Amino acid sequence: MKCEKCGAELKPGNVYCSVCGNAVQLVPDYNLLDEDMLGDIIQKEARGSKKDAAPELDRKKKAKKKKRIAAGIGAAVLITVFLVTFFVYQKAQEFRMGSYEYQFKKAEQLLEEGDYNGAAAYFLRALSLRAADPAASKRLASIYLEQEEETEAVLLLEELADAGGADEEALRMLIDIYDGNREYDKILELSGKVNGEALPLLFGDYLVDTPAFGVEPGVYGEELTVTMQAEPECEILYTTDGEDPGCSGTVYRGGIALEEEGTTVFFAVARNRKGICSKVAKASYTLRFEMPDMPSVSPDGGTYNEPQQITVSVPEGCTAYYTWDGSDPGVQSAKYTGAIEMLPGNQVLSVVAVDEAGRKSGVYRVNYVYLP
């Protein structure tokens, strides 16, 4: 049997021509029923108008004719069944070849043969049938990286991560690319999309804990030393002017003393060996010192004709200073160390208490008139 398109000899059992690919015409070029009828017509013409043919001969011919018709019908049925079966098989093959499984398997086969472009094409077809599939996405990303098409690989892996289908292998591929480009902010952004036990393992080198303050933020009535701590192999950067400590911070090297009244706000980050900073930690400290108690003086003010020894009761932890001219006393004034002689005339004694931090009490004033 020959191909009706190119004339090549067809091999038995083939449904397509091995030369041109044309489908084999399985329906015979003639009709069995028509052949039998044609034979009958020819025989009748040959007999002419012989009416005296034996009835037995006619009966046998009719029987033979029926057998031929039955054989023709049987052959036609067989051919029809074969064609239907072939059509179903062909459609099944087409369906199989259009499936995700076929595309993936074909891509793997081409990949083993070293045909990266062909494999990439089939992986793309697989993804068109099953979007954001982890297996196909990872294999295709590996091909892109092998061909130094990093941008395409990143886009593919990012799409997979956004869809929530990135497993540990896919995440590691994406992290390695980001790390190589020092795009640590993207690694931190990626960590926010991932949950599960793999999080510390994958992102441990990139997630930095915020520093901790050793003193609870709040209001204090005395001088304060602020301390900070960070995880091992991290340094601390801080500012007190509201600026970003990761950009313009001062390296923390020990406790920071707060000695003056007012509010100080610390902004601090921890920075690891890769130069990745933690989130900003903030702490506010307010120093609001209490004034020392006012000193008291004895004797009370008044007029005296006899000389008097004036004593000052100084609050604990303070030193007293005094003046006789009515001015406000301070550390530059006379220091009280014992009883003071009352001066003659009309005098005003002013006394103040100063604590160890230099904080002054209110001024105690008393008027003495000493007329010897």
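Student: What makes the pair Ser 350 and Arg 365 a polar contact?

Tutor: This is a predicted model, and in it the side chains of Ser 350 and Arg 365 come to 2.8 Å. The cut-off for such a pair of N or O atoms is within 3.5 Å, so the label applies.

Student: And why is Ser 350 called buried or exposed?

Tutor: Buried means under 20% relative accessible area, and Ser 350 has 0%, so it is buried. Ser 350 is found in strand S16, residues 345-355. Among the residues it touches are Tyr 321, Tyr 322, Pro 329 and Val 363, leaving aside those up to four places away in sequence.

Student: S16 is part of a sheet, then. Which strands are in it, and in what order?

Tutor: Five strands, running S11-S17-S16-S13-S14, form an open sheet with mixed pairing.

Student: What puts S11 and S14 at the edges?

Tutor: S11 (302-304) and S14 (334-335) each have a single partner strand, so one side of each is left without a neighbour in the sheet. S11 pairs with S17 (residues 364-370) in the parallel sense, over three bridges. Thr 303 stands opposite Val 369 in S17.

Student: How do you know which side of H8 is the buried one?

Tutor: In H8 (residues 184-191) the buried residues are Tyr 184, Ile 187, Leu 190 and Ser 191. Down the helix axis they fall within an arc of 115°, so they line one face. The face turned away from that side carries the exposed Asp 185 and Glu 189.

Student: Where is the pLDDT under 50?

Tutor: Residues 27-34 are one such stretch, with seven contacts beyond four places in sequence. Over residues 91-96 pLDDT is below 50 too, and that stretch has one contact beyond near neighbours in sequence. Where pLDDT is low, the predicted coordinates should not be read in detail. For the protein, mean pLDDT is 83, and 78% of residues reach 70 or more.

Technical notes. Residues are numbered from 1 along each chain as its sequence is written. This is a predicted model: local features need pLDDT of at least 70, side-chain atom pairs count only at pLDDT 80 or more; totals for chains, interfaces and linings use all residues. Side-chain values use heavy atoms; hydrogens and water are left out. Buried means under 20% relative accessible area, exposed over 50%, partly exposed in between (1.4 Å probe, protein chains only). Helices (H or I, at least four residues) and strands (E, at least two) are DSSP runs, numbered from the N terminus. The arc is that of the directions from the helix axis to the C-beta atoms. Two strands pair if DSSP finds at least two bridges between them. pLDDT is the predictor's confidence in each residue, from 0 to 100. Contact means heavy atoms within 4.5 Å. A polar contact is a pair of N or O atoms within 3.5 Å; within protein, one must be able to donate a hydrogen and the other to accept it, and residues adjacent in sequence count only if both atoms are side-chain atoms.
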